[in-house]
Structure formats: C-alpha cells, structure tokens
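User: I would like to learn how to read individual features in a protein model, taking each general idea before its example. Could we begin with how residues are sorted by their accessibility?

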Amino acid sequence: MKFRVFLEQYDGDHWEGRVLLVPAIATTAPTQDQVLSNLAHQLQVFLRDEDLDYVLSHYRFESNQTLMALDLDVVSANSPGSDPILLSLDVVVTRRTVRRGTRSILTVPHIPNFSLSFNRADKLEQAARDALLKQLKNFSVRDIDALDRSATTALAVVEVDGPPTPFETPKANVTSHPPRQTVLDQCGINLSQQAAANQVGHFDGRDAVLEQAIALLAQSGPSSMVLVGPSGVGKTALVEEIARRIQAQQVPQPLQQRSIWFVTANNLIAGQKYTGEWQGQVQNLIQVASKGRQILLMGNPNGILDAGRWSESDNNMGRFLRPYMESGAITVICECSSEEYDVAEKLEPSFVRAMQRIDLLEPTVVETTTIIQQATQHLMAEQPVQFGPTVVETAINLTQRFLPYQAFPGKAVNLLATMMRDRLTQAESTTTSLNLSSQDLLVYFAKMTGLPLALLSDAEKLDVEAVRQYFGDRLLGQPDAVAAVTDLITIIKAGLNDPHKPLGSFFFVGPTGVGKTELAKLLAAYLFGNSDRLLRFDMSEYASGDALARLIGTAWQPKSGGELTRRVREQPFSIILLDELEKANPVIFDALLGVLGEGRLTNAAGQTTDFRNTIIIMTSNLGASQSQSPTLGFATDSSDDDGDRTIHYIAEAERFFRPEFFNRIDHVVVFQSLSFEAMGRITRRELDKLLEREGIQKRDLLVEIDDAVIGQLLAQGFHPRYGARPLKREIEKTVIVPLASLLIRQEPNANHILRFQVRSGKVHLALIPIATPAEPAAEPAPTVKQAKAIASLLTQLADLQEVLLEIETSPMFESLRSTMNRLLTQSYAPHFWDEPTTARQTLSRIYHLDRVINRWGSLLERSDRLIVKGEAMQRSSPPASALMKLEADTDQLEADISYWQLECAGLSSGYQHDRVLLSFVAIGPDSQPWLEQLVQVYTTWAERKGYECERLIPRGDRRAWGLYINGSNVFTILQGEAGLHKLSQSGGQSGNQSGGDRQKFLVRLRLIAVPETISASDNRPDDLHFLMMTASTTDTADADILVRVYSQGRRASIRDPRTGVKVGNVRSVLEQGDLDVFLLAALQQENVE
C-alpha cells in the first residue's frame, strides 16, 4: 500500500514527516530517508491489526497530489488595529477525475478539519486564498504565527505491506507481535472488564431510571446522554450497573457485546504539546469507538469543553466529538451536577444538546434506607463482615447532618465501605468474621471528621462541670463567656439546638485584649483537638466595595467561590470567627441575615452554602472608647459595676447594627475588664509556658520565681487601653532576651538554679550554683558481669562516635554543606521570588538540609553524654535498671545514626520526594504468601521510622498489593528497592541432612512517586489504586533486577547481589523490618556511580 507524506525541514538540521491520511503518525529525523523509514515502520505496525476492508475504504491512495504555496496577508479579528501577518502557507491539492470532469480538493496539513472542493481549475488559487483568509480571521495572532514555521516542504510516498486478507495464513517461523494498543488501552479503563471481575459498584432500588438509560443506549441513531444529579446520587454506579448487565446479557440485543470504557479528557490530551497533536488523539478515539462500538464514559462535560481551549483559542474537544455524537457514530456518557450542567450549556450549548439529559434525583430517607440495606448485603457478600441492626440508621443520620454537600445514597454507602476497609485492615488475620456496630461507626466517623465522640454518641457521657473547668482554667476572668460556651456545648450534646439555624451564634463585645479571640480558639481546640480548625476572617480586610464578592463569590466566577462559602463547604462542621465585625462593609451585614436566621447563604451564582453545622462568633470593640470605666483593659477595685458596663456595650452595639441583624444573634456576651487576680494568673501562666521551652528543658535547670517578679511584669506589661496583649511583648523584652544572653554566656547545667528576682525596679535573672555536698564514701565496684557489659557498651559507643567523625569529613557530607550554601546564595538573588513555586521548593530544601546537617552535632553530643555515663558506671556498681537504660539509649542512638545516614545519602542524590507508593506483584501462583510477608516487612520498617503508611487492599487480582508511605525523602531512601525479591526455602524436612529441594518465590517491587494532590485527596485510597493500576503497565529499567535474596533453612541469610551486603540475622529483617543496612549500601553505591 502507498501513503502520501508531507515533509518539512526545520532550521536546516532536521526533517519532520506526517502521513496525510493518518496525521497521528508522524516523526522527525536528520534526513528525509530516515523520516520515510521511520514512517514506514509505524505504518506497518498500525496496519498489522486493521481490517482489510476498512483499510481499503478509508486509506485510498491519491495518485495526483501536488503542493501549492499561498502568500496571505492575514488580519486577526482578535487583534484589531494590528498590522496584517505575512503568511506563507502550503496547501495540498488533490485532483480526481470524475464523470463530469475534474474535481480539486484542497487541504492544509497544519489546519485540521479544513478542506475545500472546486470544479474550475482557473479560479482555484483565488478561491483558496479567499476561503483561507475567512478561516484564519478568527485565529489568534499566536495561532496564525505558528502556521508559518517551515522554509522547505515536499510531498513523498511511503509504500508498505497492507494487512493480510482473510485467506492468508501467517508464515511459519515468523515472530508474533503483541496486539497494538489503542488509544482506549492507553488512556482508559475498561469498565466491562471490571464488571466481569465483579470490581464495580451496584445501582439498587431505582429501576425506572436504569431502564430509561438502557433503552436510550440501545436505540438506533444518537444515543449519547448526560446524567445530572448531585455528588453521591449514583451517576457512576448507574453506568457500572449497565456494564454489569451487559456482561450478564440482561440488556436488549443492540447493547449486547458492547463494552463501556471510562476515559477522561485530561488523560486524552496529557503529553500533547504541539498544535494538532491532541486533535489527532481525539480522531484516533473516534475511529476506535466508532469501529468497535465502545461506549465512552467521559466524566464532567466541562472537562471536555476545557480540553484544548486556551486564552487565544476557543477550539475544544467537544467540538470534535459533537458531529459524531449527533450522527450516532459514537456514544458518549457524561455526568455532572445541575450547576455544572448549566455552566456547560452556557459555554457550548450545541455539544450539551447532543446528549439526552437524564436526571437522577436524590432518594428520600425511606428509599435511601432500602438502598443502603441492599448495599450492606453486597458488602457482606464480598467481605467477611457483619453489620449490626442499627448501623444503617446511624449512617443515614450522621451523613444527613454532617455531610450536607453530598447526596444520598452515596455518602452513606461510602461511609460504611470506608469504615469496613479500615476495620478489616486493622483486624487480625485470624479473624473469621468482623462484626461492625453503630458504636464502631461513630468512633470511625469521629476519627475521620475530627468531631468529638462525646457530641456524636449518646453512649458517651458529657461532664458539664469538666467542660466548664476546661474553659475556666484557660480563659481567666470571664465567667459569663465561659458559661455561654458551656451551655452551647450542653445543648448540642442533648440535640436540642434549632435544626434550621446555626448551632450557635455569638457576639463577643468588650475591651481589647481580654480574651474574645482566645475563647474562639479554645472552643475550636475543645471540639476538634486543634485550634487550627477555626475559620478566622479579619473583617477589616472586607471593608471595600468588593468585600461581599470576595467573601461569598460572584456570578461571573462560579467555580472560584468566595472565601467564606468555599471554606465552609470544605469544613461543614466548623467554627467561624468574624473578627472586628464593625469594620466590615455594611453590605456584609445584610448577607449575614440569612446565615443567622436560616442557616444558609446563596450567592449570585445560585450556589447555596449550609451553615447549620457551624458556630458563628463575631467580635467587636464597639463602645470601648466611650466606656466610663477609667481602665479599659483591666479592672480595679474602683471600676464601674459589671452590670453597668454590660448595658453600655450592648447599647453601643444596638446603636451601630440594624435591629433585624442584631435580633438574629443568639447570645451577646460582654467581656469584662480583667481583674488584678486574673492578670496575675495570666502572667504566671505565660512564665510557665516559657519554662516549657526546649532551651530550659534540655539543660535540666531548676527555676525559682519570686512573687515580686509577677507584680513587676504586671506593672510593665498591662496597658490601660490594650489589656493583656502587651504582656507577651513585655516578657519577650525583659525575660526572654536577657535569659537567652545569660544561657549562652554562662553555659549552665543541672547544678544551677535559675532565679527570677526584682532589683531596683527591674526583673533580674541570675544563675546560682548548687552547693556540692561532701563526697560520699566510695561505692562498691561493679561486678565482673556488669563490668563486661559496660565495657561492651562503651566499645559500641566509641565505634558509633567514630562513624560520626568519619562522616563529617566525607565527600557526601561536604556535598550537603556546599549544596546548602549554593541554595542560600540563590535565595539572596534579587529575582529569587519571580517564580514563587520554585522559590518555596528551594527554601524547603534549605530547611531540610539545615536540619539534617545540624543533627550531626546533636548525635555527637548524645554519644558524648552516654560515654560519660558509662565511664561513671565503671567506677561504682550501677543498679540493674541504670545499666538497662544505658543499653537501651545506646541501641536507640545506633538506630538514629543509621536513619540519619539514610537521610544524608538520600539528600546527596539531589532528588527529594516525600510520598511513595510501593507496588508488589507476586510472580507465580505460589508466591502470594511471600508477597504478603514482604508487604509486612516494609510496613514494619515505615512504622519504626514514624512514617505514615497505608496498605492498599487488593481489588480483584490478589497478586497485586500496594503500600503508601509518607515521610521525609522516603522515595529517594527506597529507590534502590525496585526490582525482584527472591525467597529461597528448603523443601525437605527439618531432619533431612541434604536440606531437600529448594523452593523459590519471586515478588516484583515497583516505586511510584505520589503527587501531593492525591496525598491530600478525600478519595486517596481510590486515587492510589488508580495510580498503581495505571503505573503498573509501564515497566522500568529496574523491574527485573534481582535486588535481594532471602535464604531460609540451615544457612539462613539475606544478601543484596548488587552491593554484596549480607546479614545472617534473618529474623531482624523479616520480623522487625531492619532494612537500613541494605538501603544505605544501595544509596551509597548510587551516589558513587
């Protein structure tokens, strides 16, 4: 067969060739001959599996084709006022002889889907020029300029063998080639294949909509559809159920033998860099799907419409697919929410209307109960679990209240499924069946969301007095505020809060510096265990005219959303702090009316945010400057009565806010000025926090604080207007800075007392040595057994210290120092922050290097201290507990040095990645136990290092396991583990002298770098499974390298054939995960190479 090729020469040093009939087949090479040879090979592979009739009908060779160069002066409509672009464009002219004369067909290799037909040759050139000028008028300047990119062009012919006819038989002794992968094999997931393996979900209880979708797919002509419904309603499950029924032959005849593939627009265009590449990829998809009648599940239609679009061009993938969808040549299924459907319809209405809309409504609670009961039956049939009788009801109640932005039944089913997987992972392998109760579900939900179990479970009792004491001990001098938050927690626990409003709304008003913001942080810490869960907004930043748009979003940017609505949707159960509310633009007060009254907020784009699971706290200083109290920040014995101040602050707030706003606030809490007693307790607490810092703790100092110091700090640190806030600044100035200077100058130790005193009206710090008593009588010398143990430990410590000293002068350590100095020099450059992402990565690497380098001194100091302690034990008989402590400390030091060496070797490689997915594949049916044992080895190793790790339970093929590890530079540390791990066992009985035949088992281990987006994803297990599945299809160079041999039997050992490292203690590796010696040797060898 013959194919016409379009050739272009670039910069005089290389050629590019593209097959006109198959634009996706292209190549570059230094010479024309090499280009033609490469294209011939690609065509041969392309035609090998094609049908002969299809090839003859679609790839007809045109014998009369020539090139025509057109000079055009193009004016872009996107750039009015700019000069015409002088363009020289190559046009392929194909002349065909037909019954009524000669027809000329014009195509442009660089403009896909452009073709013209003319019957008169004399007007060919002018007509082509006019048509191209009209076509190019809508192109951007950049697109037009990209078309004029070659100086030399030509047409050539490539001739290859066509596909075999049905009567031809393969020749003998000819090597068979594997089937050529299609674009679906490369970019998609075969849902039909997963359905055959029972790896897809179920769609229960909604037969009407299922039958509607099946009928639409089975009809002749256009059969594309878009499933519209909220997240979790079951759109994907519906498609998976159709795939399941197709496999079971439970569909009409036109649907039988068809397959369903999941392929996204992003996967299709990934890696397509040049003009025309992604279009060629889509054309290949259309060709495969129209020929094989595959059904394409392509996700959100907005993703299709965004693919290929950029700032200079609106061309997108949807425009390519639409004609084929309208003709019925291909079937596309999309799924989205109602809001996303409206966005897509505004963006590209013709594409959206090419699909029939099927709405999936959220089922009622009664319908959801039936559906979830059926789902639990499926889960119990697939896994050894049993669900308690009230689990379904508990799951519905929890998700209905706390997951408002997901729909039934998906959110309840997902909760039960994830809890089941979590408990199965934690359960012992000996467990035959796992019983899951409502309490188990509550505990898991509390761990997943961070909500306190005491508020979720009626079985957990709430001690009201303990709650009051928790806040009272931390918020000093504000009993009314403590009572208000305690009452709120009590009401939430009892379930008596108004279900149509936020859980609580507070207006904290009073002087500055008395604890209003601090109480909001304390409430977040009590409910979630971390004050970072507080959503704080400084309302002084929302005083401008665009404040409302920035806070809740706009109609013209519906995807971005506002700061408040976005963060509440991310954390529905949260505490919202609107700090200094009176400084906000008044239009925000109107927007908050619906939040405080109805617990909901709808922005201009029609998106509703649910605030019914939030606690809203608003703070204000209104009335502080007009208060009649002489001391606003703290109270004295002659201060106004608290009741008068309360009336004053409330009156000022009512005067400032409109009645309809102020009347919607549940609790107005007036913070009183701090008493002298409260101020003293605050000062003592701040000093206690200072004494807990590392600089005091590691020196084992005894501390003595005179009462006069508290009074001096009170006098200097509390301001009549600013309350308690200046206290930290005063402690910083009069205590922390002098203390730091004193500790550095005098180098104290445990034999000193650090005394805080007041002298001449100033805080004075002094280090007083502790008097040493007379030396006691000589203690008895250690026993012979103790002496040997101590000497052995001292020898071990000396060896460890020698290792540290050798590393300090090693080229690897010097390389780390020079790398950090080089990066520091880069950070001082004036243009360092021109690329923020690169700058942040550089700073992160500097901090990591600095930590690792400084750890050398810490390890050396620890070895010195242990040697001194051991030498002291040699002079007197130590107790058994002290000797055991020294032995444990020495072993810990050795482990820390080993891990530190791994970090150094990993950093010196120059690559840093903190997330890795280990993919284990058993080779052979008998290697499964060895795979599971190997997964446990790496799990134990990661847990010993303090890394986060998560096993991936196999889906379908149990020979493939995964282990996700998140830790400092863990990818580099484990990079030498990729390859084959062989277990060699003796096949004979224990008394057999010869050891019997040896059995060998193999497991292949791959390392996959995990992007940060997957690591932080709510669906991380599913994303990791997808990543492992897609990455496993690509072999690496290390895939078949023998990494380690584990020999068990009379001569048990573990050996790395690459580095020569060999250990005899097999148990320490297989049971304790002691892999450091192998990891370090592999890293050192890699660095040397």
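Analyst: A residue is called buried when its relative accessible area is under 20%, exposed when it is over 50%, and partly exposed in between, with a 1.4 Å probe and protein chains only. By that scale Asp579 is buried, because its relative accessible area is 8%, whereas Arg536 is partly exposed because its relative accessible area is 40%. Please keep in mind that this is a predicted model, in which local features need pLDDT of at least 70 and side-chain atom pairs count only at pLDDT 80 or more, while totals for chains, interfaces and linings use all residues. Residues are numbered from 1 along each chain as its sequence is written, and side-chain values use heavy atoms, with hydrogens and water left out.

User: What joins the side chains of Arg536 and Asp579?

Analyst: In general, side chains of opposite charge can pair when their charged atoms come close. The criterion used here for a salt bridge is a side-chain nitrogen of Lys or Arg within 4 Å of a carboxyl oxygen of Asp or Glu. Arg536 and Asp579 meet in such a bridge, at 2.9 Å from N to O. This pair links distant parts of the chain, since Arg536 belongs to strand β18 (residues 534-538) and Asp579 to strand β19 (residues 574-579), 43 residues apart. Helices and strands are DSSP runs numbered from the N terminus, a helix being H or I over at least four residues and a strand being E over at least two.

User: How many salt bridges does a search of the whole structure find, and which residues do shared partners join into one network?

Analyst: The search of the whole structure finds 32 salt bridges. Shared partners join Glu211, Glu241, Arg244 and Arg245 into one network. For a bridge within a helix, consider Glu465 and Arg468, whose side chains meet at 3.7 Å, N to O; both residues lie in helix α20 (residues 464-474), 3 residues apart, which is about one turn of the helix. Glu465 counts as exposed because its relative accessibility is 51%, while Arg468, with a relative accessible area of 29%, is partly exposed.

User: Where do Lys501 and Asp666 lie?

Analyst: Lys501 and Asp666 form a salt bridge in which the closest N and O atoms are 3.0 Å apart. Lys501 is in the loop between α21 (479-494) and β17 (504-509), and Asp666 is in the loop between α27 (659-662) and β23 (667-670), so the pair ties together parts that are 165 residues apart in sequence. Asp666 counts as partly exposed because its relative accessibility is 33%.

User: How should I read a pair of aromatic rings?

Analyst: A pair of aromatic rings is described by the distance of the centres and the angle of the planes. Rings of Phe, Tyr and Trp (its six-membered ring) pair if their centres lie within 6.5 Å; planes under 30 degrees apart count as stacked, over 60 as edge-to-face and the rest as tilted. By this rule the count comes to 19 aromatic pairs. One of them joins Trp941 and Tyr947, an edge-to-face pair at 5.7 Å centre to centre with 70 degrees between the planes, and both of these residues are buried. Elsewhere, ring pairs link Phe507, Phe589, Phe656, Phe657, Phe661 and Phe662 into a cluster.

User: Which backbone features deserve a look?

Analyst: The peptide bond from Phe408 to Pro409 is cis, with omega near 0 degrees, and Pro409 is found in the loop between α16 (391-402) and α17 (410-426). Gln257 has a positive phi of about 70 degrees although it is not a glycine; this residue lies in the loop between α8 (235-247) and β11 (260-262) and counts as exposed because its relative accessibility is 68%. Arg293 also is not a glycine, yet has a positive phi of about 60 degrees, and its place is in the loop between α10 (277-292) and β12 (295-297). With a relative accessible area of 33%, Arg293 is partly exposed.
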